[in-house]
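Okay, thanks for making time, everyone. Let me put the structure up, and then I'll talk you through the parts I looked at.

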Amino acid sequence: FDRFRINSMHNYCRVGIDIGGTGVKGVAINEQGKSLTSFDIPTSNFDDNPIENLVNHVKKIIDTDYPLFSIGIGASGPVNLKTRLINNPDTLPSFTGIDLVGSLSAVFNVPVSIDNDAIAAAYAEYQWTFDRKVESLVMVTLGTGIGVAGLRNGQPVRNLKGEHPESGHTPIPGINHPCYCGIDNCWEQAASRKGLEKLQEIYGHNNPLVWREYAKFLSDGLFTIINGLDPEVIVIGGSISQYWNNLENMVYENLSRNIYSASSLKLVPSTLGIFAGAFGAALIPEIVLNS
């Protein structure tokens, strides 16, 4: 990321696309990272002709005063970085196995790159929230599923195969949260938006037990991240980040039981909100070029 440099071309725009299980978000940003235009469309709208629909939405946010420089895509994993294809039939069936990168590149004649959506969101927080001044950062996106991405000096932490690890699919204590991944009690099912909504159905939307129980589920997964990666900061993103004020004290209280949770650990909500993944996706092509 230290090699990330703005191209000498002025008044251009980069487009970032965040493809999630519930919504597809896109943003066009200028060279200072300021949003020019954006869209937020339900993922179900792309069930028919996903490439054509995506191309049309990208065309709508391109400003003629800002020539298009590149397109980046962040997608709910798994994403195969070699084939550049999404392989997520469980939550992104319409986008799985189709050549988004090649198709968009052919239509717009610009560099197009793809990565995991949590990686994209982590890039955005590292670049704009922390101004590249943190050594180790973990992004946890809580939405339709759970995405986890780690950056070390701005570079993503990959698994031994060089792919993005699916750390949202982590076994946690308890029962009754079976997942399509095969885990009987999966963190994604317990602490995603679906898990929160399930608790609200049981206890009622305004019952404090909802937040106490949800904070426990969230903390159970964070234990694994802290023990395995010991980051300087953990950023909580996704749609649930808007409720961080309801959760913060209880999460810190839960984590204080863990001897590996250093007192210096910071947990903060995303400052870029639900568009963090789209903003970060806009950075992906140049990061790939310079890596």
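Before I get to the first contact, one term: I call something a polar contact when two N or O atoms sit within 3.5 Å; within protein, one has to be able to donate a hydrogen and the other to accept it, and residues adjacent in sequence count only if both atoms are side-chain atoms.

What you're seeing is a predicted model, so local features need pLDDT of at least 70 and side-chain atom pairs count only at pLDDT 80 or more, while totals for chains, interfaces and linings use all residues. Residues are numbered from 1 along each chain as its sequence is written, and side-chain values use heavy atoms, with hydrogens and water left out.

So, let's begin with helix H6, residues 208-229. What caps the N-terminal end of H6? That's Asn-207, with a side-chain oxygen 2.9 Å from the backbone nitrogen of Leu-209. After the helix comes Asp-230, and its phi is positive, near 45°. As for length, the expected span is 1.5 Å times one less than the number of residues. H6 has 22 residues, so it should span 32 Å, and its end C-alpha atoms are 31 Å apart, which agrees.

Asp-220 pairs with Lys-216, and their closest N and O atoms are 3.1 Å apart. The two are four residues apart in H6, so about one helical turn separates them. In general, an α-helix has 3.6 residues a turn, so residues three or four places apart point the same way.

Now for burial: under 20% relative accessible area is buried, over 50% is exposed, and in between is partly exposed, using a 1.4 Å probe and protein chains only. Asp-220 comes out buried at 9%, whereas Lys-216 is partly exposed at 35%.

How many salt bridges does this rule give? Seven. Another one within a helix is Arg-193 with Glu-197, closest N and O atoms 4.0 Å apart; these two are four residues apart in H5, again about one helical turn. Arg-193 is partly exposed at 21%, and Glu-197 is partly exposed at 39%.

Asp-40 bridges to Lys-25, with the closest N and O atoms 3.8 Å apart. Asp-40 is in strand S3 and Lys-25 in strand S2, so the pair ties together parts that are 15 residues apart in sequence. Asp-40 is partly exposed at 40%, but Lys-25 counts as buried at 13%.

On to the nonpolar cores. A core here is a set of buried Ala, Val, Leu, Ile, Met, Phe, Trp, Tyr and Cys residues joined through side-chain atoms within 4.5 Å. The largest has 31 residues, and those with the most contacts inside it include Val-140, Trp-187, Tyr-214 and Val-251. Among the elements that give two or more residues to this core are S8, S9, H5, H6 and H7. Which one gives the largest share? H6, with ten residues.

Taking contact as heavy atoms within 4.5 Å, and leaving out residues up to four places away in sequence, Val-251 touches Ala-215, Leu-218, Ser-219, Leu-222, Trp-244 and Leu-267. Apart from this core there's another, of 28 residues, Phe-39, Ile-71, Leu-92 and Leu-104 among them.

Next, the strands. Two strands pair if DSSP finds at least two bridges between them. S8 and S9 run antiparallel, joined by seven bridges, and they make a hairpin with three residues between them. Val-140 has Val-148 in S9 as its bridge partner. S9 is mostly covered, with six of its seven residues buried. S9 is also joined to S10, antiparallel, by two bridges, and Arg-152 has Gln-155 as its bridge partner in S10. In that hairpin, with two residues between the strands, Asn-153 takes a positive phi near 50°.

Last stop is Leu-81, in the loop between S5 and S6. Beyond neighbours within four places in sequence, Leu-81 contacts Ile-114, Asp-115, Arg-158, Gly-162 and Glu-163. That's my tour, thanks.

How values were computed
Salt bridge = Lys/Arg side-chain N within 4 Å of Asp/Glu carboxyl O.
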